[in-house]
Amino acid sequence: MDSRSLVPASASFQLPVAQLRSVYQTHEVERKLAKLPEREHEHLRSTYERMLERGPERFQVKPSGVPDMAALYDQLPNFTDALDDVRRHVALAQDSQDGLEVTPMLLLGPPGIGKTHFARKLAELLGTGMQLVPMSSMTAGWLLSGASAQWKGSRPGKVFEALVDGQYANPVIVVDEIDKASADAQYDPLGALYSLLEHDTAHSFVDEFAEVAIDASQVIWITTANDERAVPEPILNRMNVFEIEAPSPEQARRIARNLYASIRGEHDWGRQFAAEPADDLLDALAALAPREMRRALMTGFGNARLDRREHVQVDDLPRSPGAARGRIGFVQ
């Protein structure tokens, strides 16, 4: 069965914001604020005051139907299984009182095949925005769960910020390169995920800075990894794992065509160029390293414009040592 026929779809269907959800209890914040000493913990005090000023209600995406995802399947041809999974969850939520819930997913594969790009596209589809948590640059476990207000320079974690400072109860949070999180004997940087990835315990997630229970049960979690062996088994067991392969040569050409059309459409100067790229240009772009594809096209457009041509030619692309590397996927 074709993956796009899992559920009926229509271009007219959208994912509108249709209901509100409380992500914390106001009385709990008031109680914490009342207990603070008069002249101490100013950052914590301002956090509580901001929570009370904003109120606990956040928008929750509520699907009225299954959106037309044909464009995403075309842009992300090597992510079919992951896209199918999203469609299943949307189909379950339509025509019901339930909000959209998506089982946490792990996108597993080598660098550069588009894992982070997929997450951005999913966030655009759902309209809830995206919070990126890069584990490779993480030096302390509090990036997700916050640091105690007793410590100098402490602050809330990314989950707290997404739900309290954001607009949505079900934002997309991407834990990037989860296999590169470095733990030490004092603090496990993935410790917070054990409860956050469990639907029942995520209802009352406590950030260590604010020490107020937050409902993180509706967060849409996407994690990425290059090496499954470096991800703890209890974390793997809490997620749907999708092994993402590099696109085939034909898929790479399709990605190059979509990127050409995207760049052309995003700029006013794009009208100076032909609507469709030449076949040999697509072949050359498909052979580039993924992170160089966009840069190569921008150079190509510029060189063609200097020659007052509407067609970008292969010779317009940059010739550099990096451009000669083999194709492995799509730009992240």
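User: To start, where does arginine 308 lie?
Analyst: Arginine 308 lies in the segment after α13 (290-306), where helices (H or I, at least four residues) and strands (E, at least two) are DSSP runs, numbered from the N terminus. Residues are numbered from 1 along each chain as its sequence is written. This is a predicted model, in which local features need pLDDT of at least 70, side-chain atom pairs count only at pLDDT 80 or more, and totals for chains, interfaces and linings use all residues, while side-chain values use heavy atoms, with hydrogens and water left out.

User: And what is the phi of arginine 308?
Analyst: Arginine 308 has a positive phi of about 55°, although it is not a glycine. For background, most residues other than glycine have a negative phi.

User: Is arginine 308 buried or exposed?
Analyst: Arginine 308 counts as exposed because its relative accessibility is 71%; buried means under 20% relative accessible area, exposed over 50% and partly exposed in between, computed with a 1.4 Å probe on protein chains only.

User: Which loop holds glutamate 177, and what is its phi?
Analyst: Glutamate 177 is placed in the loop between β5 (172-176) and α8 (193-196), and its phi is positive, about 55°, although glutamate 177 is not a glycine. With a relative accessible area of 19%, glutamate 177 is buried.

User: Stepping back, how many helices and strands are in the chain?
Analyst: The chain has 13 helices and 9 strands, and buried residues make up 48% of its 332 residues. Taking contact to mean heavy atoms within 4.5 Å, residues 24 or more positions apart account for 77% of the contacts in the chain with a separation of 6 or more.

User: On to helix packing: at what angle do the axes of α11 and α12 cross?
Analyst: The axes of helix α11 (residues 249-266) and helix α12 (residues 279-286) cross at roughly 110° and come within 8 Å; axes here are lines fitted to C-alpha atoms, for helices over the stretch in contact, and angles run from 0 to 180 degrees between N-to-C directions. The two helices, α11 and α12, are therefore roughly perpendicular to each other, given that angles under 35 degrees count as roughly parallel, over 145 as roughly antiparallel, 65 to 115 as roughly perpendicular and the rest as oblique.

User: Which residues meet there, between α11 and α12?
Analyst: From α11, Ala252, Arg253, Ala256, Arg257 and Tyr260 meet Asp279, Leu281, Leu282, Asp283, Leu285 and Ala286 in α12. The residues of this contact of α11 with α12 divide into 7 nonpolar, no polar and 4 charged, where Ala, Val, Leu, Ile, Met, Phe, Trp, Tyr, Cys and Pro count as nonpolar, Asp, Glu, Lys and Arg as charged, and the others, Gly among them, as polar.

User: What about α2 and α7, how far apart are their axes?
Analyst: The axes of α2 and helix α7 (residues 158-165) are 11 Å apart, and the two pack at an angle of about 35°. Thr47, Arg50, Met51 and Arg54 in α2 meet Phe160, Val164 and Asp165 in α7, and by class this contact of α2 with α7 has 3 nonpolar, 1 polar and 3 charged residues.

User: Which residues of α1 are buried?
Analyst: In helix α1 (residues 26-35), the buried residues are Glu28, Val29 and Leu33. Seen down the axis of α1, the buried residues fall within an arc of 135°, so they line one face of the helix, the arc being that of the directions from the helix axis to the C-beta atoms. They pack against α2 (42-54) and β7, while the face of α1 turned away from its buried side carries the exposed residues His27, Ala34 and Lys35.

User: Changing topic, where is serine 217, and what does it contact?
Analyst: Serine 217 is placed in the loop between β7 (213-214) and β8 (220-225), and it counts as buried at 8% relative accessibility. Leaving aside its neighbours within four places in sequence, serine 217 is in contact with Arg21, His199, Ala202 and His203.

User: Last one, which helix holds valine 86?
Analyst: Valine 86 is found in helix α4 (residues 80-93) and counts as buried at 1% relative accessibility. Not counting residues up to four places away in sequence, valine 86 touches Met69, Met105 and Leu122.
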